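Please read it alongside the sequence and the coordinates.

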Amino acid sequence: MKDEKRRKGYYEDVTTTLVKYTFHTRFFLSRLTRRSKIAKKIIDRILFQDDEVYVLPNKNTIHNTKKETITANIEINQSFEKDDSEFVPSEIIKEVIKEASDIVIMHKCLCRSSANCKDYPHDFGCIFIGPASKKIASKYGRTASVEEALAHVDKADELGLSHVIGRNKIDSVWMNVRPKEELLTICHCCPCCCLWKVLPDLDDDISNKVKRLDDVEVHPVNDNCRMCKKCLGDNVCFGGAISLEDGKITIDQDKCVGCGHCVQKCKFDAIELTYTQKSVDSVLNRIGELVDYKK
C-alpha cells in the first residue's frame with residue numbers, strides 16, 4: 001500500500017498527545033491494578049485484553065551468553081528452516097518478518113519520545129506487521145520491505161535494545177487500527193523508557209501476559225562479580241528481578257523476563273544468559289495463532 005493513500009491520522013494526533021502527557025503516570029496506574037479490582041478490570045480491558053508478548057534478548061548479549069547443548073532431537077517445522085549457523089533468540093523476529101504480508105516501520109518510538117529519552121534515539125520506532133498495519137496513518141509510519149525491516153532489527157541490536165514481539169492491544173488503541181488480531185507488534189525497547197518497565201507494579205494477571213522464552217535464563221556468576229552494583233540501577237531490569245542478598249547479586253527467575261539488559265550492563269562477565277533452541281518452533285507457532293500476519 002502506498003503511504004500517500006493512508007489515513008491522515010487526526011485520531012492519533014489526539015492519542016499521541018494524551019500518551020505524551022500521561023506517560024509519567026504509568027507506574028501509578030499500574031499500581032492501581034494491584035490496589036483496586038475495578039481499576040484492574042478497566043485498565044486490563046482497555047489496554048491489555050487478550051495480550052500475549054514475548055521478550056527476546058538483544059543479539060549483543062551473545063558476548064556473555066552460553067549456548068547449551070541440546071541432546072534431544074528438536075523438530076523444527078516449515079516455519080523455521082534451521083541451518084548450521086548459530087541461532088540467537090532475536091532471530092525469531094527475522095523469521096516472522098520474512099513471512100509478513102504487510103510491514104510498517106514507525107517514524108519514532110512513542111515511549112522514548114514521551115519520556116524524552118537521553119540515551120537512545122527517539123526516531124527509532126517499532127515495527128508493525130499484518131493486514132491491520134495498512135491502516136496506520138502515514139505521518140506515524142512508513143511502508144517497509146522485508147529487507148528494510150530486517151536491517152531495522154540489526155540496527156536495534158547495534159543500539160543495545162531488547163525486543164518484544166506479540167499482540168499488544170494498546171497499540172491498536174492509540175493508532176486506531178482494528179482488528180487487533182491482524183496487528184503484530186515488534187518493539188525495540190530501551191531499559192529506561194519502555195512501557196513494560198511497569199511490570200513489577202502491575203497485577204500478576206496482567207504482567208503474566210509478558211513472557212520470556214521458555215529456555216532463556218539469566219544467572220549471576222558471583223566469582224566474577226566486582227560489586228559495582230550497576231545491574232541494580234533503576235534503568236536496567238524490566239522485571240525488578242535483580243537484588244542484593246547476603247552480599248551477593250541474585251536474580252529471581254520468577255520475575256526475570258530474559259531481556260538481557262543486565263548482561264550488557266555488566267562489564268565483568270558476572271551475569272550470564274543461557275538458552276537453547278527448543279522454544280523457537282513453539283513461539284513461532286504461538287505468534288501465528290495470536291495474529292494473522294503471513295503472506
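What covers the buried residues of H1? The cover includes H5 and helix H7 (169-174). This is a predicted model, in which local features need pLDDT of at least 70 and side-chain atom pairs count only at pLDDT 80 or more, while totals for chains, interfaces and linings use all residues. Residues are numbered from 1 along each chain as its sequence is written, and side-chain values use heavy atoms, with hydrogens and water left out.

**Overall architecture**

- The protein chain contains 10 helices and 12 strands, where helices (H or I, at least four residues) and strands (E, at least two) are DSSP runs numbered from the N terminus.
- Of the 295 residues in the protein chain, 52% are buried; buried means under 20% relative accessible area, exposed over 50%, and partly exposed in between (1.4 Å probe, protein chains only).
- Among contacts in the protein chain with a separation of 6 or more, 82% join residues 24 or more positions apart; contact means heavy atoms within 4.5 Å.

- H1 has 13 residues and reaches 19 Å from its first C-alpha to its last, close to the 18 Å expected at 1.5 Å a residue; the expected span is 1.5 Å times one less than the number of residues.
- Glu 12, Thr 15 and Thr 16 are buried in H1. They cover an arc of only 100° around the axis, which puts them on the same side of H1; the arc is that of the directions from the helix axis to the C-beta atoms.
- The face of H1 turned away from its buried side carries the exposed residues Tyr 10, Val 14, Leu 18 and Tyr 21.
- In helix H2 (residues 26-35), the residues Arg 26, Ser 30 and Thr 33 are buried. Viewed down the axis of H2, its buried residues fall within an arc of 45°, so they line one face of the helix.
- The buried residues of H2 pack against helix H1 (10-22), helix H3 (37-48) and helix H8 (204-207).

**Helix H6 and His 152**

- The 14 residues of helix H6 (residues 146-159) should span 20 Å at 1.5 Å a residue, and the end C-alpha atoms are 20 Å apart, which agrees.
- Val 146, Ala 149, Leu 150, His 152, Val 153, Ala 156 and Asp 157 are buried in H6. They cover an arc of only 155° around the axis and therefore lie on the same side of H6.
- Glu 147 and Glu 158 are exposed on the other side of H6.
- The buried residues of H6 pack against helix H4 (91-98), strand S3 (103-106), S4, strand S6 (162-167) and strand S7 (184-189).
- His 152 counts as buried because its relative accessible area is 10%. Leaving aside neighbours within four places in sequence, His 152 is in contact with Ile 105, Phe 124, Gly 125, Ile 127 and His 188.
- Just after H6, Gly 160 takes a positive phi of about 85°.

**Cys 126**

- Cys 126 lies in the loop between helix H5 (110-114) and strand S4 (127-129), and counts as buried at 12% relative accessibility.
- Cys 126 and Cys 187 are 61 residues apart in sequence and 4.7 Å apart in space, C-alpha to C-alpha.
- Leaving aside neighbours within four places in sequence, the contacts of Cys 126 are Val 104, Ile 105, Met 106, Ile 186, Cys 187 and His 188.

**Pockets and cavities**

- On a 1 Å grid over the protein atoms alone, a cavity is a set of points where a 1.4 Å probe fits but cannot get out, and a pocket is an open set with protein on both sides within 12 Å along at least five of seven lines; lining residues have an atom within 4 Å of a point.
- The largest pocket holds about 860 Å³ of space, a volume being the space filled by probe spheres set on the points, with grid points joined across faces, edges and corners.
- The largest pocket is lined by 39 residues, of which Val 19, Phe 23, Leu 47, Ile 170 and Leu 195 are the closest to its centre. H1 gives the most to this lining, with six residues.
- The second largest pocket has a volume of about 300 Å³.
- There are three cavities of 30 Å³ or more, and the largest cavity holds about 120 Å³ of space.
- Among the 16 residues lining the largest cavity, Cys 225, Cys 231, Ile 249, Cys 266 and Ala 270 are the closest to its centre.
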